[in-house]
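User: I'm new to this structure and would like a close look at one part of it. Could you take me through the surroundings of the ligand, and then show me how the helices pack?

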Amino acid sequence: MIWDVVVLGAGAAGLMAAATAGQGGARVLVLDHGPEPGRKILISGGGRCNFTHMDTSPNCFLSQNRHFARSALARYTPKNFLELVERHRIAWHEKAKGQLFCDGSARQIVEMLVSEAHDAGCTLWMDTRITDVEREGEEFRVVTDHAEIRTRKVILATGGLSIPKLGASDLSLRLAKRFGLKLVETAPALVPLILADADPSLAGVSLNVAARGHGKAARFEDGMVFTHRGLSGPAILQASSYMEAGKPVEIDLLPGRDVFQMLLDIKKARPKALPPSLLEALPSRLAKELASDLGDVMLANQPDRQLKALAERVSRWTFLPAGTEGYAKAEVMRGGIDTRGLSSQTMEARDVPGLYAIGEAVDVTGWLGGHNFQWAWASGVAAGKAA
Ligand code: FDA
């Protein structure tokens, strides 16, 4: 028997592509080496799956080709996915602006996708090790530890490298390379940072900051939390996607405030106070640390240039990360299969008819907040329709 479509990976993008192709009449087989489908969906959004972001746009993604995601995102929108969620009577709520989560459990999203795939006649083989994929004339031969399979189309949907203990692997990257596609260098993204001189006494301290990565990165104003090894929280995770090794990171600890003026005002109002009270707007443990250079000299005797230097340290807190927590803790991988080798309409490899690549394996990496799933759904639908 020859399958019409074999999807490698029963994750977010693969299940969506399979259901879509099945609904179009294709005979679809989904292969996955894990014990159950959608394992990353199950742990996503703290177990409630932040399944989309209503305001997604190509600007919310990193890629060497910023325009690549535009077509798929426009043809399958957050509203389309929300309609599917509502058709399956899954209750949801908007947590932060645009970020939609299940009221109940992320498992509802997996069950929805699996039932869509089953209703569309797709076959799922879990616990299946894929050992090889080869082109044979107009078809592909997919070799697994269970069987050798022939198919007209193959969709690479095995995701990125983050969270290896959940079955992440480089299969799609390896196969893409073997079929002549180029790869964009990969790295952990949406990942906590490690500081060489992390102060364990600050662990747990959290505050709102503005963090910016390197290059033309956006500025992310959101929460930051000190960990035992460094820094985490949404502002840090977002900025981490844009960070380059060996370059210092700059964080504004009191975004939107004229800190020097604030310090001058406090000095005037409370001349007998000690330096940490200058930074009452910050968590006290952090304020103490930042103001330690000023010693135990009361504010009246602190020269304004000292306050200026302190204001600078607060607004432009600069440090060189010792590294990141790596793929073990990264929410996603950045980089991946170079989009220049793929059609942005269909996700098909330009030079390998019948081979498609979708989801996180492709060099399209979203911001935090549901953008990565929206890309998985949209790229899955684009490939599923075309295949
Ligand atoms: P995905 O990883 O979903 O699926 C890949 C599948 O391929 C898996 O089933 C895997 O078992 C299988 N596979 C891998 N290698 C294989 C091999 N060699 N052989 C066979 N099968 C193989 N995003 C978001 O938008 N909102 C959120 O709330 C979150 N939350 C979140 C939390 C955490 C902790 C993580 C790690 C990630 C998120 N994400 C997220 C990111 C999101 O989970 C991710 O971007 C998508 O799941 C990517 O979908 P894919 O289908 O591409 O890969």
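Analyst: Let's start at Gly 45, where a backbone N or O atom lies 3.1 Å from an oxygen atom of the ligand. Keep in mind that this is a predicted model. Ala 12 also brings in its backbone: one of its N or O atoms lies 3.2 Å from an oxygen atom of the ligand. With His 33, the ligand takes part through a nitrogen atom, which is 3.2 Å from a polar backbone atom of that residue. Stepping back, you'll find 28 residues surrounding the ligand. The closest are Ala 13, Asp 32, Ser 169, Glu 360 and Phe 373.

Now for the helices. Two packed helices are described by the angle between their axes and the distance between the axes. Take helix 1, which covers residues 12–23, and helix 5, which covers residues 107–119. They pack at an angle of about 30°, and their axes are 8 Å apart. Angles under 35 degrees count as roughly parallel, so helix 1 is roughly parallel to helix 5. The crossing of this pair is left-handed. On the helix 1 side, look for Leu 15, Met 16, Ala 19 and Gln 23; they meet Leu 113, Val 114, Glu 116 and Ala 117 of helix 5. Sorted by class, the residues of this contact are 6 nonpolar, 1 polar and 1 charged.

Helix 5 has another partner in helix 4, residues 78–87. Here the packing angle is about 90° and the axes are 10 Å apart, which means that helix 4 is roughly perpendicular to helix 5. Helix 4 contributes Phe 81, Leu 84, Val 85 and Arg 87, while helix 5 contributes Ile 109, Met 112 and Glu 116. That contact has 5 nonpolar, no polar and 2 charged residues.

From helix 8, the contact takes in Val 259, Phe 260, Leu 263, Leu 264 and Lys 267. From helix 10 come Asp 304, Leu 307, Lys 308, Leu 310, Ala 311, Val 314 and Ser 315. By class, you get 8 nonpolar, 1 polar and 3 charged residues.

Terms used
Residues numbered from 1 in each chain as written. Predicted model: local features only at pLDDT ≥ 70, side-chain atom pairs only at ≥ 80, totals over all residues. Heavy atoms only, no water. Axes fitted to C-alpha atoms, helices over the stretch in contact; angles between N-to-C directions. Helix = DSSP H or I, 4+ residues; strand = E, 2+ residues; numbered from the N terminus. Parallel < 35°, antiparallel > 145°, perpendicular 65-115°, else oblique. Left-handed = near helix turned anticlockwise from the far one by under 90°. Contact = heavy atoms within 4.5 Å. Nonpolar A, V, L, I, M, F, W, Y, C, P; charged D, E, K, R; others polar. Near = heavy atom within 4 Å. Polar contact = N/O pair within 3.5 Å; in protein donor to acceptor, adjacent residues only side chain to side chain.
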